[in-house]
Every structure is written in structure tokens, then in C-alpha cells.
Amino acid sequence: MRTIKTFVLFLITTALLASCGKVSYRKTTGGMPYQLYKGKGTQKITIGNIVKCNITYKVKDSIYFTSFGKLPIYMPVNPTPQPYDISEVWTKLSVGDSLVATQMIDTFIKRNPAVVPPEFKKGDRIITTIKVLEVFTSDSAAQADKMKNEKEWLAGEIDYLGKYLAGKNITAQKTPSGAYVQTITEGTGNQVDSGKYVSVNYTGATLSGKKFDSNTDSAFHHIGPYSFTVNAGQMIKGFDEAVTLMKVGGSAKVYIPSMLGYGANPDPQSGIKPFDHLVFDLAIVDVKDKAPEPQQPETPQRKIKVDAPQSHK
């Protein structure tokens, strides 16, 4: 899993969008061929900037990743570029420019085979396309823009799920951030609240119905209630907020927008795709005021050997 994520991040710094203008066919110092499509922007990218861009890359003519039509990517421009990498050409670009680069898996295998996931084979070719949208001179400005984009995207997801539920005549209560909780069984026990230590049973699936985890289904090999402290950052936000609308003995179906779940970066091995909305069947088993104190390992007492006194003759 870590190898795949590392390789994805490595490639993402390297998507087919042709704009009007002169096309340049070049090769970087590290040997990466690329085509530059000049836009009309005049703001050039410099070292230390954060580049807001859209990226797509294809492997064997199939899209492996894309941010086009989704949330843009924010990439720092570091002073030391990596060979055979998009970082070699950042400072040749301006706002509005597009870039198409070609990288061969054979080259990655020769240079560092450890970062190449097994699904990539010799002879495979990666075509990366980048469209530069905006450039920021400070991390704080880039973060503010990123948060604004994410807030707008989440609002669209909440609206989509609301219409989805209405279309199926499902009545659900909305959490403060925008998850939806459809009560199945009203609990009669203690209310779950922020800071409480709750134990739950759950089954998680995507909105399309693909099950990805459960602590009641033996296929996932971890049967038994799962416990956590509410709103302590231990769970995805949509799940955390949903339990606060429930009581012990209650059950619900929870609909979570992707941005309150795993967003653009789910675990590649989970089967969850980027921006998948999630559905949890959730039951509250128990709630306590706080998590139990961790058990301290017993300190073994040191055994001191006492020699018998010697007799003196």
C-alpha cells in the first residue's frame, strides 16, 4: 500500500488538454520528453511558489488518476528538481500553460525499482498532462484557496445526497457538517455525545453498494464492537458526527459525502474510489463517559539473591 501511494505521489508531481498557442517539443535534463502548450498568462512560476493545477495521467491509454472536473492539486516548487520528473520544468511554465509529458516505466525500474508497484510492467508508458490554473507565493494563500475549493465541493456533495435521499423517499437528519442519518431503531439508552467513549457495530459500503469494511461480517476478519472517543479525530468526520445523533440500542443508516469521508485519497486497497460517497449501517452497543485507562504493564520485581553467611572456624 505504501509503495503504491509513494509511486502515485511521485507521478503526480509529473495530464490531455490542448490550448491554442505554439507547441514546443523538448526533453528535460533528466531525459523526460515533454510538449509545452503556451497559454495567455504572464505570471511565471518561480522557486518557492505553490502551483494550483489540474493533472491527469494515463497508463496504457487508461486513466490512472485525474483531477480534471474534480478538485485541483496544489504542488510546491522545490529548489532541487528530481531527474526525469515534472519538477524539472515547473519554472519554464506560466499561469495558463499546459504540459504533456511522457515517462517510460522501464526508466523508473532502472533507477529505483522499489517505487514501482507490481501492476506497472516493462514497456508501459505514462502520459501526464498538466494545466496550470493559478500560482501562489505563500503557503497560507494556497491553503486558503484550497479550503475554499473544498468547501464549495462539499456543498455540492451535500446537495447531491439530499436530492438522492429525497428521490428514494428517505427521511434523514443532517449533521452539522452535512452527513445524513436515517434512524432505523430509536435507542433507549444513554445519548452519545462528544468526548464520550462509544462502542459500535458497523458495515461500510460505497453509495453504489460495494462493501469495504464491517465488524459484523466474518469476511473482514475482525468481529466484535469497535470503540473510540467521539470527536477526538479518531474517525472520519461524517461517522464521528453521526453517532452524536444516536443513543445506546439505536441503529441507523448513515450517508456520508466523500469530503466528510476519505475524499480524494482513500486507501488504494480499500476498494473505495476517490470522491466515493459512503453508506454505513451503524448500531450503538455501549457508551461510557471516557475511555478506560490503559493497563500498565506489571513491573517485575527484581529478585535479590542473598548468600548464606559463611561460618568462620
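Author: Two strands are taken to pair if DSSP finds at least two bridges between them. Helices (H or I, at least four residues) and strands (E, at least two) are DSSP runs, numbered from the N terminus. The model is predicted: local features need pLDDT of at least 70 and side-chain atom pairs count only at pLDDT 80 or more, while totals for chains, interfaces and linings use all residues. Residues are numbered from 1 along each chain as its sequence is written, and side-chain values use heavy atoms, with hydrogens and water left out.

The chain contains four helices and 14 strands. Of its 313 residues, 41% are buried, where buried means under 20% relative accessible area, exposed over 50%, and partly exposed in between (1.4 Å probe, protein chains only). The strand selected here is β10, residues 197-206, and nine of its 10 residues are buried.

Strand β10 has antiparallel pairings with β11, β12 and β14. With β14 (residues 278-288) there are 10 bridges, and A205 has V279 as its bridge partner in that strand. Three bridges link β10 to β11 (residues 211-214), where A205 stands opposite K211.

The interior can be described through nonpolar cores, each a set of buried Ala, Val, Leu, Ile, Met, Phe, Trp, Tyr and Cys residues joined through side-chain atoms within 4.5 Å. The largest such core has 33 residues, and V200, F239, V243, I256, F280, L282 and I284 touch the most other members. At least two residues of this core come from each of α3 (139-167), β9 (180-185), β10, α4 (237-243), β13 (251-256) and β14. Strand β14 supplies the largest share, six residues.

V200 illustrates the surroundings in detail. Not counting residues up to four places away in sequence, V200 touches N215, P225, Y226, F228, F239, L282, A283, I284 and V285, contact meaning heavy atoms within 4.5 Å. Among these neighbours, F239, L282 and I284 are also named with V200 as the residues that touch the most other core members.
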